[in-house]
Amino acid sequence: MREPATVRSIGETDGIRDTSSQDVSREKPPRRQFVAWAIAFLAVVLVATAVVYALPWFSTERSVARAQLRFATVFRGPFVRDISAQGTVVAAVAPSLFAGTPGTVTLRARAGDLVEVGDVIAVVDSPELANERGREVALLDSLNTAIERQSIDNRKQRLELQQTVDLARVTLTAAERELRRAEQSWEYRVISRQDYEKAVDDVDRAKIELSHAEKAATLDTESLEFELQTMRLERDRQRLVVEDIDRRLEALTLRAPVAGIVGDLAVENRAYVDANTAIATVVDLSELEIELSIAASYADELSIGSDVSVRIGTTDVDGTLASVSPEVTNSTVTARVRFSGEHPAGLRRNQRVSARVVLERRADALLVERGPFYDTGGGRIVYRVTNDTAERMPIRTGTSSVQYVEIIDGLEAGDVIVTSEIERFRDAERVLLRQ
């Protein structure tokens, strides 16, 4: 029988030595202790981070997303205070044509037709005015005839007056001759003294009669001239009446007073119209202006000659304030703007435009972009931004324009403020601006 094999211990070999005698046994640290240290470190880091991020929350009363707000930076620069207004393009020269008397209108042009000065737009037929002219012309002819008749009568009366004067002069000559004979006869005492004195009296009487005859002739001649002049003045007055009727008849032919385009026709062809009825309008397209409606609160600050920027489409055109209406209508005043140069091509009457009227200019001012904060805060409260915090600040503002607000006190150049409406902050002293 075979003998059982001998069991050898581990490490025992035939002729080979192992390294078990060189190994050193060391005790490993427990795994749980390592994990505990790692957890403690992470907790410290998380607590520190939470404290850093939570500090603003503890120091603010509200929080608002930054993306919901608008911001602007305070700066110094030139300040132009202006106001915005809406307006329409109007013709500076757009005369209307009226019917001077009642009648039937015959249109000779249509709306949109180009016309030159003097072109006939319409004709008004007035039989009543034509009849009136006939009567007045007949009266004028009658006065002319009466004047001619009076002239003939005056010449006849002047001849009669001249005859009276001449007879008085002949009587005086005869009396003087008789007086000379009486003087010679009295010298020789051929006649009595009574006859001599009678001859003297006859000469004196003849002189008086001649003098009165000459004066009466002069007065009567002046009277005749006065009567004739009166009739001539009446004739001239009647001539003016006829000329006025002729003018009114001529005015019934409505002609274009300016070169331009026929605008609105207020009546239909062959329509009967009353006196002073508008018939048509002629628009001078070479002279266009802008008519603005401006809030009455700015009326006292508007001045003739102020600069105006008119926005037509995407183009800004310079102009000046030409006139301001003294009347207030629906809380607005009407102002006219005249272009500084040629008006843009393609501009049409009644086209809607917007404009900015300059009220004031200053070379240096502390400004910030205008926004809803100015209205909601009354121009007294803003929220100044520092990092992620908006702090409530009292300010004092000056004048404002369409784009900017003047800062008098409370802010400095470089400050950033919230320009959005501030009602959402609910008067909080500090607001956190979260991302």
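Author: Side chains of opposite charge can pair when their charged atoms come close. Here aspartate 236 forms a salt bridge (a side-chain nitrogen of Lys or Arg within 4 Å of a carboxyl oxygen of Asp or Glu) with arginine 239, the closest N and O atoms being 2.9 Å apart. Both residues lie in helix 3, three residues apart, about one turn of the helix; helices (H or I, at least four residues) and strands (E, at least two) are DSSP runs, numbered from the N terminus. The model is predicted: local features need pLDDT of at least 70, side-chain atom pairs count only at pLDDT 80 or more, and totals for chains, interfaces and linings use all residues. Residues are numbered from 1 along each chain as its sequence is written, and side-chain values use heavy atoms, with hydrogens and water left out.

Reader: Which parts of the chain does the pair of arginine 362 and glutamate 406 link?

Author: Their side chains meet in a salt bridge at 2.5 Å, N to O. Arginine 362 is in strand 16 and glutamate 406 in strand 20, 44 residues apart. Glutamate 406 is buried, at 11% relative accessible area, whereas arginine 362 is partly exposed, at 26% (buried means under 20% relative accessible area, exposed over 50%, partly exposed in between; 1.4 Å probe, protein chains only).

Reader: Which residues have the most contacts inside the largest nonpolar core?

Author: In soluble globular proteins, nonpolar side chains tend to be buried together. A nonpolar core is a set of buried Ala, Val, Leu, Ile, Met, Phe, Trp, Tyr and Cys residues joined through side-chain atoms within 4.5 Å. The largest has 25 residues, and Val368, Tyr383 and Phe425 have the most contacts inside it. Strand 17 supplies the largest share, four residues.
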